Amino acid sequence: MYKIPLAEIKSKIVSSGKLDSTQLELRIKGKINELSGLISEEGAAHIIANELAIELVNPDKDRLKIKEIYSGMRRISTVGKILRKFDVREFSKGERKGKVCSLLIGDETGTIRVVFWNDQVDQLSSVTENNIIIVKDASVRDNNGSTEIHFGENSSLDINPEGITMDAVRQSLSYQRKTIEMLQPGGETVEIVGTVVQVFDPRFFNVCSQCNKRVNEVVNGNEKQFQCAAHGKVTPSVSYVLNLVLDDGSGNIRAVFWKEQTNKVVSKMETDFLLFKDNPASFEDIKTDLLGEQFKMGGRVQKNEMFDRLEFNVQSVEKARPEEEIARLQQQ
Ligand SMILES: [Zn+2]
């Protein structure tokens, strides 16, 4: 059974014209009684839709709109425009190491995250924001209450397919806004808005140019070389991370910006940012510019065990819009 929100099941049944909402409520109660209360209201609504031959979902349809995608579905296909490409994250589970990267795609009906694991992440190297993609034969899962498409071994990806354009894309990101004092480690992506109160020097490090994992220099005989666990001897690329402390009046938190988000927060291209590596003094001007700036960020809260503090792992960043923030305050 797919996880379709109860309100949506009800509205689909009512819009079929076979029952009005009062009749539906009665029939749901009746169904729950009939089954001695062993099913939920959702379960009852599902059964009633089935009895009335109302199709709640159509997983056989060639391509689903994002609104038609529910967790529990398998082998679905959809098309969307990439609104965000998040940084690759590495993780280790015991002996096993892996990486994960996700895209936020949108169509005219909504937005959804598409998650790529391990080797599948490599397919995203040429993918950028605003590309249109068709995802085929992927499964849909629930992650802490949000629906995600998971790209699997049998899934396929079509980048900028010919003849497909997308104009009216819903841009709204459904991140929940939190104040900094409310932040707890783990869980979903949340949104915060804060003012930069401290800027640290960027740190540069070497990564494998194929998989983006960090590589270390090892000495092999007389030769120094970079060794990737997966790809052996490699010519590394340079990546970087920037830490800022942001304050929103309720508290402050250290926010961690990996390469793509760093480029956005300082409005620089990668090639320009790399100049700071050999000329750290020139970064002082950037620090001055950043201090006092207000940013809106989406990301996940993590506990840095080594320093026993919370950190905000930034996945998207843009300049805060004061008029938007004022409107939000007035609504509360
Ligand atoms: Zn590698």
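This report describes the fold of one protein chain, beginning with the whole and moving to selected parts.

## Overall features

The structure is a predicted model. Its chain has 332 residues, of which 25% count as buried. The secondary structure consists of eight helices and 17 strands.

Among contacts with a separation of 6 or more, 58% are between residues 24 or more positions apart.

## Confidence of the prediction

The mean pLDDT of the chain is 89, and a value of 70 or more is reached by 96% of the residues. Among the elements, strand S15 (residues 252-258) has the highest mean pLDDT, 96. The lowest mean, 76, belongs to helix H8 (residues 322-331).

Helix H8 contains Ala 327. Ala 327 counts as exposed because it has 10 C-beta neighbours inside 10 Å, and a residue with 12 or fewer falls in that class.

## Helices H1 and H3

Two packed helices are described by the angle between their axes and the distance between the axes. For helix H1 (residues 6-15) and helix H3 (residues 41-51), the axes come within 10 Å and cross at roughly 25 degrees. H1 is therefore roughly parallel to H3, since angles under 35 degrees are classed in this way. The crossing of the two helices is left-handed.

Several residues form the meeting of these helices. From H1 they are Leu 6, Ile 9, Lys 10, Lys 12 and Ile 13. From H3 they are Glu 41, Glu 42, Ala 45, His 46, Ile 48 and Ala 49.

## Arg 113 in strand S4

Arg 113 lies in strand S4 (residues 110-117). With 17 C-beta neighbours inside 10 Å, Arg 113 counts as partly exposed, because its count lies between the limit of 12 or fewer for exposed residues and that of 20 or more for buried ones.

When residues up to four places away in sequence are left out, Arg 113 touches Ser 102, Leu 104 and Glu 148. Between Arg 113 and Ile 192 there are 79 residues of sequence separation and a C-alpha to C-alpha distance of 19 Å.

## The sheet of S11, S12 and S13

Three strands form an open sheet in the order S11-S12-S13, with antiparallel pairing. Strand S11 (216-220) and strand S13 (232-234) are the edge strands, each pairing on one side only. On average, neighbouring strands of the sheet are turned by 60 degrees against each other, direction ignored.

Strand S12 (residues 223-228) pairs with S13 in the antiparallel sense through three bridges. Across this pairing, Cys 228 stands opposite Gly 232 in S13.

## Strands S15, S16 and S17

Strand S17 (residues 309-319) pairs with both S15 and S16. S15 and S17 run parallel and are joined by three bridges; Arg 254 stands opposite Glu 311 in S17.

Strand S16 (residues 294-304) and S17 run antiparallel, with 10 bridges joining them. Here Arg 300 stands opposite Asn 313 in S17. S16 and S17 form a hairpin with four residues between them. Within the turn, Asp 308 has a positive phi of about 50 degrees.

Notes
Residues numbered from 1 in each chain as written. Predicted model: local features only at pLDDT ≥ 70, side-chain atom pairs only at ≥ 80, totals over all residues. Pairing = 2+ DSSP bridges. Axes fitted to C-alpha atoms, helices over the stretch in contact; angles between N-to-C directions. pLDDT = per-residue confidence, 0-100. Parallel < 35°, antiparallel > 145°, perpendicular 65-115°, else oblique. Left-handed = near helix turned anticlockwise from the far one by under 90°. Contact = placed C-beta atoms within 7 Å.
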